[in-house]
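Colleague: Hi! Could you walk me through this structure in plain words?
Modeller: Happy to, here it is.

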Amino acid sequence: MSEDFLQHIYEKQHQVEAVPSNKIIAEWAFNLLDLIYPERLTSPKQSLTGIRERFLSLQSDLVKLLDATKACKDCNNQTVAASFFDGVPELYRLMNTDVEAILNGDPASRSEFEIIRTYPGFLAISLYRIAHALLRLEVPLIPRILTEHAHSLTGIDIHPGAEIGEYLYIDHGTGIVIGETTVIGNHVKLYQGVTLGALSVEKFMANMKRHPTIEDYVIIYAGATILGGETIVGSHSTIGGNVWLTKSVPPGSTVYHQSTIKVVEAAVGADRGKK
């Protein structure tokens with residue numbers, strides 16, 4: 001191995017800013033979820049004083065994470081952390097609408113407890129909502145680490161920059177991709193394998209709207225791909241499975257993929273009696 005290569009790696013190690021590990025950042029988010037959703041814990045009971053102190057401890061932990069993430073050297077991390085925790089009651093309200101959407105929309109769901117404890121869709125949405133709140137406070141890097149951690153756990157890839165309304169229902173969820181400039185309204189249902197993506201991924205489009213807008217009360221079934229920043233799916237529309245959509249559809253539309261499937265049945269029963 002050449003000395004030039006070793007020197008390059010040495011210099012690179014000294015140039016990279018120190019950032020807390022992804023595991024530590026994710027643990028902070030999970031600790032917050034455990035506090036507001038004791039359903040996730042084995043023995044959740046705490047006193048009111050204990051709960052207050054736990055929130056203050058998590059706020060202090062966030063300051064430490066922000067201080068250790070050098071990407072924002074001029075930020076007032078105390079103020080950012082305080083602003084985030086001021087918004088936690090609203091985050092909790094939003095997450096509860098997602099629980100309600102899943103409970104009302106999935107015949108297999110038995111209780112809120114089951115959804116909070118077991119559903120990967122709810123976990124991915126919750127980590128997205130935390131990450132999005134941090135991104136709105138201009139926190140660098142940490143929001144993307146959180147949503148990518150959720151992606152690795154659930155197979156659901158939601159960019160923290162996406163704008164998502166209330167009552168988001170994700171069923172199964174594996175393979176869902178929601179791009180950075182996606183806008184999703186209220187009471188939207190997404191099934192596994194849905195892609196809300198861009199028609200082009202050229203770098204010059206970084207500050208443009210590249211991903212679609214999904215209005216209220218839209219259902220998008222498994223495997224559908226909807227692309228483009230100018231593409232709008234009107235409210236109360238239904239997008240069928242495996243649809244490829246790159247243009248807007250008006251409210252109340254039904255869009256479905258036509259395919260020809262031929263089933264040839266073997267006459268097994270008829271042949272059994274033949275000698």
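Colleague: What should I know before reading any values?
Modeller: This is a predicted model, where local features need pLDDT of at least 70, side-chain atom pairs count only at pLDDT 80 or more, and totals for chains, interfaces and linings use all residues. Residues are numbered from 1 along each chain as its sequence is written, and side-chain values use heavy atoms, with hydrogens and water left out.

Colleague: Thanks! How many helices and strands does the protein have?
Modeller: The protein has nine helices and 14 strands. Both are DSSP runs numbered from the N terminus: helices are H or I with at least four residues, strands are E with at least two.

Colleague: And what box do the C-alpha atoms fill?
Modeller: Roughly 80 × 60 × 50 Å, taken along the principal axes.

Colleague: What share of the residues is buried?
Modeller: Of the 275 residues, 42% are buried. Buried means under 20% relative accessible area, exposed means over 50%, and partly exposed is in between, using a 1.4 Å probe and protein chains only.

Colleague: What about the surface and the charges?
Modeller: The protein exposes about 15600 Å², and carbon and sulfur atoms supply 53% of that. Those areas come from the Shrake-Rupley method with a 1.4 Å probe; for residues, only the protein chains shown count as cover. There are 24 positive and 31 negative side chains, and the centres of the two sets lie 7 Å apart. Lys and Arg count as positive, Asp and Glu as negative, while His and the chain ends are not counted. Each charge is placed at NZ of Lys, CZ of Arg, CG of Asp or CD of Glu.

Colleague: Let's pick a helix. Is α7 mostly enclosed or open?
Modeller: Helix α7 has 14 of its 17 residues buried, so it is largely enclosed by the rest of the structure.

Colleague: Next one along: where is threonine 147?
Modeller: Threonine 147 lies in helix α8 (residues 142-154). Threonine 147 is buried because its relative accessibility is 2%. Its contacts, not counting residues up to four places away in sequence, are Leu127, Tyr128, Ala131, Ile158 and Pro160.

Colleague: What do the buried residues of α8 pack against?
Modeller: They pack against α2, α3 (48-68), α7 and β1 (157-158). The buried residues of α8 include Ile142, Leu146 and Ala150. Glycine 155 follows α8, with a positive phi near 80 degrees.

Colleague: New topic: how many aromatic pairs are there?
Modeller: The count comes to eight aromatic pairs. Rings of Phe, Tyr and Trp (its six-membered ring) pair if their centres lie within 6.5 Å; planes under 30 degrees apart count as stacked, over 60 as edge-to-face and the rest as tilted. Tryptophan 28 and phenylalanine 85 make an edge-to-face pair, 6.4 Å centre to centre with 80 degrees between the planes. That pair links distant parts of the chain, 57 residues apart: tryptophan 28 is in helix α2 (residues 22-36) and phenylalanine 85 in helix α4 (residues 77-86). Both of these residues are buried.

Colleague: Which residues form the aromatic cluster?
Modeller: Trp28, Phe55, Phe84 and Phe85 form one aromatic cluster.

Key. Contact means heavy atoms within 4.5 Å.
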